[in-house]
Amino acid sequence: MPTPSTIRDHLLPQLREWLLQPELVAYPHLLAELESLSLAYILRAFQQLGWAAAIGQTVSASELVWQFKIAPQYEQLLHRLLEVLHQANILEEYDQEWKVVQFITTLDIESQLIRLRQNYPTATAELDLLQRCGSHLAQVLQGQCDPIQLLFPQGDLTTATQLYHTSTGAALMNRLVQQAVSFAIQASGDQSAEKTLKILEIGAGTGGTTAALLPQIATINAEYTFTDLSPLFLQKAQQRFQNYKCVQYKLLDVECSPQSQGFDPGSYDLIIAANVLHATQDLRQSLKHARQLLAPGGMLVLLEGTQPQGWLDLIFGITEGWWRFTDRDLRPAYPLIGAEQWQQLLPTCGFTDPIVIAPVLNPATIAPQSLFVAQADPTNCDWMIFTDRQGLGQQLASHLLGQVTMVIAGETYRQQGAEFTVNPHCRADFEQLTAAIPQPQNILYLWGLDSPTTTDWALESLMAATETTCTSLLHLLQTLQSAPTLWLITQGAVTTNTENTVSQKPGFIQSPIWGLGKVIALEHPALHCRCVDLDPSLPLLAQVAELDKELQSTSCENQIAIRNHSRYVARLGRFGQENDALSLPNQPFRLTSLTRGTLDQLILQPIDRRSPGSTEVEIRVYATGLNLIDLLDILKLLPFERNWFGVECAGEIAAIGSEVTDFQVGDAVVALAAGSFSQYVTVDAALVALKPEHLSFAEAATIPAAFLTADDALRLANLSAGERILIHAGATGTGMAAVMLAQRIGAEVYATASPGKWQALEALGVKQIMNSRTLDFAEQVMTLTQGEGVDVVLNSLSGEFIPKSLAVLSDTGRFLEIGKRQVWNAAEIAQVKPKVTYHLIDLMTVAQQQPDQIRTRLRDLMQSGIRPLPQTVFPIQKVVQAFRYMQQAQHIGKIVVTQSRNNLFRFVLMGLT
């Protein structure tokens, strides 16, 4: 590929000629007229909303939100509209308030439209969309009008397609893109039949840019991949471009890992992204995903708006997606950034020598869009993985953000794209490697995982393995040209006092790596060397998930061991009770609160044990699942009162009633048990089941409440194979349980979760994941289902999420409510969708009223081989920290509070998360 500066030098003379064409000479005047028309629509909308502005009046944005009854999702748009009035000298800003300095009351918009249509016949798309959206602006701001229907009435993409393809501005920029791509192909000089040029378009949408490129692409040996997030756009594109045999059509969400969506890293020579990246939440993340797809030296052609425009805000700003950005350090208040910011951003994401072409329409006007061209830095490497033969490194690579370079142990040095083969014993190979990739940001050393297992502990094997792993690590350190973060990964190499025998330490042979890691930390602190020991008893994918979570952690710990989904760190601490730990009484106890409303008043209160009744059993509790209802209860946020904490536990039978025949003293069990944050709890035997031997007590405690709630909900919904279900808060305990059960049924799962938890859902096989912190999920669900929506909603969210969830539910769907606060009742649901079936799920009520039903379902679950949920474990003395951790909403799966059988904790490695 030619350099970006060569492409710029080729395009600029042509651009100067194009700008002399009459329609482009008139284009700056059209832009000014569109801004004037937009201002008129904004003023009319404010008048329709009831703002009788007077000169000198002062008002805050928050007051206008209340006065105008602005829907929450449009508050950012309102702020932007106020800025437009400020730029038009109608408002002045004083101490975060707006003062009216002039006001226009005569708004002859219709005459203005007629004049513009006569003077600018090529601006049909701009004027049609602006008229359609601007005339409904007041209704949109109040949430009374669907903006998607304004942009695409009855799914018609015609006007939007014209805006991106035939409008004056789009035609100019598409022509620039077309010429840049054409020159890049010609200058590369490799169009032979043996070489297929691979081109990818991200977020191709209506195909405006695609249409400008395909006539040229079709004449060469090329493969063009048209991608978008929307199945509707793919379907329309297949119809529109059906005569081009070189085109493939694939779904791609550039905000998620491309590898997890079936795209091979480094497989494209050229990537085009036209007017799409600004619509993603995080520009850096999206650019890094694009960089992952490019081959080293490949080219990115990026077209983006670089100036705010009022008329575009009235068209696209009415959609929630326009405001969904979260990278506030880069974009504090508006989705577009300037050309200079783009040029500064691209090199930080793995691109070199970015150039910008911003057409100067006249001395006073620069085009509102700019073209950027940059190359993939051939030496850029966010992650260098010395990968293992087990496949852990390969699996992990698909989860990592940024460019990944793989290093394989072999006989001779070889490079193939972003993959290297290196002889572990040959220092010269490492010198070549570090010369080719001089500045990796992170190095993951996994070669120690290939050490012999406990079945091959012959002295020769031990010595050979140690020499290979330690020698190669030494060669790596001696040849590094920079100071990346160094991660040394082992499996079962260190003890956490959770292992009973040597056979439970299969990674014993890898322990010298930890020794080297400690020396590296002392002698080369710039490497920030961190040792992570994985749990060898976990399945490979579970180990990948745990390691990925650790790599994303902001913790400064440098010696970490993962055991049974719990995180242990080596830290010097004072032996004995810590200041922030609850005191353990010398007799049976239960958790109680001296004062509701705060976590600071929790204590472990001594109690008398209660002998079981004839049909009851007493359980010695070893693990208790923490549920949201417990936190809400302590914080005094429940709409009802109860006098106990804990709804589920795992432990051993301590005593049985006279009529109990299913259990014996000493049996390991799980139970639904009110008041299970206790040392002993007495419960109806119908709510108890035997614990499978392969589950620990902490694992078993994740199952009862979450899976029984999910099971009850899906039974009431009568969910069947092929139906669509939306599961809110899908990374919580009940959410993940519902995902697993729905997948067993064969339903199509859509889930929401905060972005940091998406990988946990991806590991469960969920493909359609949306943000649980915004209302964008509704638009995304309707797009993904091509407007059909879902059949079932499992809801645990409140506020505006309820009507939004109903909006994506089919007219005869089922709405399942498991929330405890601010829930809607059946009558409220019926007012919105009268034919929807509504169920409020309350597991403990079912347990009290139908214990025999719980008995059957709980025992069936425990015998079904269901997987336990991921858990974060706290000892009972740290129960306050457990509640605080739930309050932060950072956990995935379940939080479990454990009790030792002898209540003695010696923290050689402190259990932390």
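Which residue takes a positive phi in the hairpin of β20 and β21? In this predicted model, the answer is N564, with a phi near 55°, in a hairpin that has two residues between its strands. The hairpin makes a friendly place to begin. Strand β20 covers residues 559–563, and its pairing with β21 is antiparallel, over four bridges. Within that pairing, R563 is placed opposite S566 of β21. Strand β21 spans residues 566–570, and four of its five residues are buried, so the strand is largely enclosed by the rest of the structure.

Six strands form an open sheet in the order β31-β30-β29-β32-β33-β34, with parallel pairing. The edges are taken by β31 (768–771) and β34 (837–840); each has a single partner strand, so one side of each is left without a neighbour in the sheet. From one strand to the next, the twist averages 20°. Strands of a sheet pair through backbone hydrogen bonds, in either the parallel or the antiparallel sense. Here, β32 (residues 790–795) and β33 (residues 809–817) are joined in the parallel sense over five bridges, and V790 faces L809 of β33 across this pairing.

Two helices that pack on the sheet complete this part of the picture. Helix α25, made up of residues 733–745, touches β29 (724–727), β30 (748–753) and β32, and its direction makes about 170° with that of β29. Helix α27, residues 777–784, touches β29, β30, β31 and β32, and the angle between its direction and that of β31 is about 160°.

On the α3 side the contact is formed by L30, L34, L37, S38 and Y41, which meet E126, L127, L130, Q131 and G134 of α7. By class, the residues of this contact divide into six nonpolar, three polar and one charged.

Leaving aside residues up to four places away in sequence, T209 touches Y164, N174, V177, E201, I272 and A274.

Definitions and conventions: Residues are numbered from 1 along each chain as its sequence is written. This is a predicted model: local features need pLDDT of at least 70, side-chain atom pairs count only at pLDDT 80 or more; totals for chains, interfaces and linings use all residues. Side-chain values use heavy atoms; hydrogens and water are left out. Two strands pair if DSSP finds at least two bridges between them. Axes are lines fitted to C-alpha atoms, for helices over the stretch in contact, and angles run from 0 to 180 degrees between N-to-C directions. Contact means heavy atoms within 4.5 Å. Buried means under 20% relative accessible area, exposed over 50%, partly exposed in between (1.4 Å probe, protein chains only). Ala, Val, Leu, Ile, Met, Phe, Trp, Tyr, Cys and Pro count as nonpolar, Asp, Glu, Lys and Arg as charged, and the others, Gly among them, as polar.
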